[in-house]
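I opened this entry to record what I looked up. The structure goes in first, then my notes.

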Amino acid sequence: TIKNIERELICPSCKELFTHPLILPCQHSICHKCVKEILFFTLEDSFTDLGSESSNQSSPRIRIHSPSLDRIDRLNRSGWKRNSLTPRTTIFPCPGCRHDVDLGERGINGLFRNFTLETIVERYRQAARAATAIMCDVCKPPPQESTKSCMDCSASYCNECFKIYHPWGTVKAQHEYVGPTTNFRPKILMCPEHEMERVNMYCEICRRPVCHLCKLGGSHANHRVTTMSTAYKTLKEKLSKDIEYLISKESQVKGQISELGLLMKETECNGERAKEEASNNFDTLFDVLEERRSAALRAIEASKNLRLEKLQTQIEEYQGLLENNGLVGYAQEVLKETDQSCFVQTAKQLHVRIQKATESLKSFRPAAQTSFEDYVVDITKQEEVLGDLSFYSSGLDVPEINEERSRMYNKALICWEHLVKEDSADTYILEYRKLNREEENATWQEIEACSKSKVISDLENNSSYAFRVRGYKGSICSPWSREVILHTPPAPVFSFLFDDKCGYNSERLMLNPRRTSVESRAGFPLLLGAERIQVGCYMTLDYIIGDTGITKGKHFWAFHVESYSYLVKVGVASNTKLQEWLHNPRDVTSPRYEQDSGHDSGSEDTCFDSSQPFTLITLGMNKFFIPKAPTAPKDSANRILPMPSCIGICLDCDRGKVGFYDADHMKCLYERQVDCSSTMYPAFALMGSAGIHLEEAITAKYLEYRDDM
């Protein structure tokens, strides 16, 4: 067994067997010499900066030499912070977890030696060199093979020397001895901070042994500690149970190892096949290029030969114009003809040729162009395409998450689509992780989906999550989609439907059968009511509330307001206030009544009751109107925001607060105090043409929340 654990005995820094390993605060072990070497290079930058400052202040010839190991030890005992002239702490980059750990003010001297690991390494060394004997340390040359090692003397002895140095009846006879070994460790583990004290407690916060002085007034005074025996028993039980579990799963592990072996063979075969396919594809490209190359060269060669032929013909014609050559020589011979009839018969055609030659001399023009600019191969686009040549996923299009269709409430509904090819994947893997400042690299959690949407449960409220998806077709997968960040509501979702009984005005409000949406129509009832109006415009709001009340806790709901809506008020109200509104409706245009203000006085500046039993905000004409406050500026433009496509309301009864949110981005637009001593209800009011639709997740109490919604 000891021969099969070599990978656990390798130092992460030097990649060799541990030598005097030290336990870092992050619980990783590293050789003592490796700690010194890493600190040397870590601190070298600090000394270089110090040398640069000294050189700038005095003379450029002054050089600061690299610190010695002794000097580093002195710095470690006092502590050192990088790029600082004041020694405080020692920051050490752990090669095991790649994180910077604080060694404290004592540096290396504050670290425990990992004697257990050291013993296991020694056992491994002995098993590896079983044929190599450990010789007696005190024998006269030549030394004999040792048979015992004394842990108190830290030496190995043969039988004769052991009897001599450990005689019966003496104190040394009581020393502890073991088989031959080169690993001698102290019998009692001493505290590195208080060198005369033995460790007898275990700090559960720092996860390290401490002494009673560390607990009384040291760095562990306020930490939770337990006795060493309790920690020993607890950790040993946990380790034993974990080992038993792993041993019980041995057959499963062997099966998984066999599966991984098959996957390795399959990967090797698929890799060779992919290389062959890539090579064939490039050979095809080479063949196409070679064919195009041959065709281009043939065309250029044919054009060149044709032009040379024309130019050669022109040369021959011009050579004929020379005396005693060609056309001129022939004409001179014709001039010698004395018979007039014969001369006229031959000279007529000859004169035409002479005239053409004369004209060509006056306007010389080569019979062919020397430039081949029409035969330049333009490879700009092809070069760009070949530059982008890469592997493809057998036609698998990268899916993209649709943020508009995706929703985040108690559950997350994530929808995606293919922008190029539809149904190009058989299955999908959706991954998500919580974005946390404390854990920058949180682990991705994955879930499989057979459609282009998936519902994820167990998400935390008031949190941000990152999502990405990739498609699979057999063993081939597409690249990951762009990461999309969505936010969960600040509180659990409150489920309700519109109440069709309490205060519902069926003459001016239209409620759908599922009671999830309501519309206000300016129809005949409004015209008949306006028939009696002679001066001004006095109209009432039509209220509708949720069918479920809230008495405690923190709740969130969301809804859509139609873009054509003229005037809509949304918020919360107590049951007593609702009874007042529903039984004694007041006109909305009266200068003595402003529903957002929380009081009935005519002046907006007289008071601003922070504990009113209701809060409503106004929406309309694609605008979000923040209620007026006494200290608010008179300019109303600062109180008008674009209306979000989805609006959320968060009611915290315990704190007496209500907030209005842009539900698409979970951004709070307005928040104020509200009196929640009575039962509170979601309240809505409409006037003129308007429409409100509850989000499907809000109605999940009554309508099933399906995966394919």
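**Overview**

I counted 12 helices and 33 strands in the protein chain. Helices (H or I, at least four residues) and strands (E, at least two) are DSSP runs, numbered from the N terminus. This is a predicted model, where local features need pLDDT of at least 70, side-chain atom pairs count only at pLDDT 80 or more, and totals for chains, interfaces and linings use all residues. Residues are numbered from 1 along each chain as its sequence is written, and side-chain values use heavy atoms, with hydrogens and water left out.

I looked up burial next. Of the 709 residues of the protein chain, 33% count as buried (under 20% relative accessible area; exposed is over 50%, partly exposed in between; 1.4 Å probe, protein chains only). The chain exposes about 44700 Å², by the Shrake-Rupley method with a 1.4 Å probe, where for residues only the protein chains shown count as cover. Carbon and sulfur atoms supply 52% of that area.

I then checked contacts (heavy atoms within 4.5 Å). Among those between residues at least 6 apart in sequence, 61% join residues at least 24 apart.

**Confidence**

I read off pLDDT, the predictor's confidence in each residue, from 0 to 100. The protein chain averages 78, and 79% of the residues score at least 70. Confidence is lowest in helix H2 (residues 69-78), at a mean of 44. It is highest in strand E29 (residues 647-652), at 94. Over residues 52-88 the pLDDT is below 50, yet this stretch has 54 contacts in the model beyond near neighbours in sequence. Residues 587-608 also stay under 50, with 48 contacts beyond four places in sequence.

**Backbone**

Which way does phi point at glutamine 27, positive or negative? I found a positive phi of about 75°, although the residue is not a glycine. Most residues other than glycine have a negative phi. Glutamine 27 sits in the loop between strand E1 (21-23) and strand E2 (29-31). At 36% relative accessibility, glutamine 27 is partly exposed.

Arginine 98 has a positive phi of about 65°. Its loop runs between strand E3 (91-93) and strand E4 (100-102). Arginine 98 is exposed, at 69%.

**Salt bridges**

I searched the whole structure and got 15 salt bridges (a side-chain nitrogen of Lys or Arg within 4 Å of a carboxyl oxygen of Asp or Glu). Glutamate 290 and arginine 293 make one at 3.3 Å, N to O. Both lie in helix H7, three residues apart, about one turn of the helix. Glutamate 290 is partly exposed at 40%, and arginine 293 is partly exposed at 47%.

Glutamate 460 and lysine 434 meet at 2.4 Å, N to O. Glutamate 460 lies in the loop between strand E17 (453-456) and strand E18 (464-473) and lysine 434 in strand E15 (residues 427-434), so the pair ties together parts 26 residues apart in sequence.

**Nonpolar patch**

I noted a nonpolar surface patch of about 560 Å², made by Phe282, Leu285, Phe286, Leu289, Leu386 and Leu389. Patches use residues with over 30% relative accessible area and no salt bridge; like charges are joined within 9 Å, nonpolar side chains (Val, Leu, Ile, Met, Phe, Trp, Tyr) within 5 Å. Helix H7 (residues 250-320) gives the largest share, four residues.
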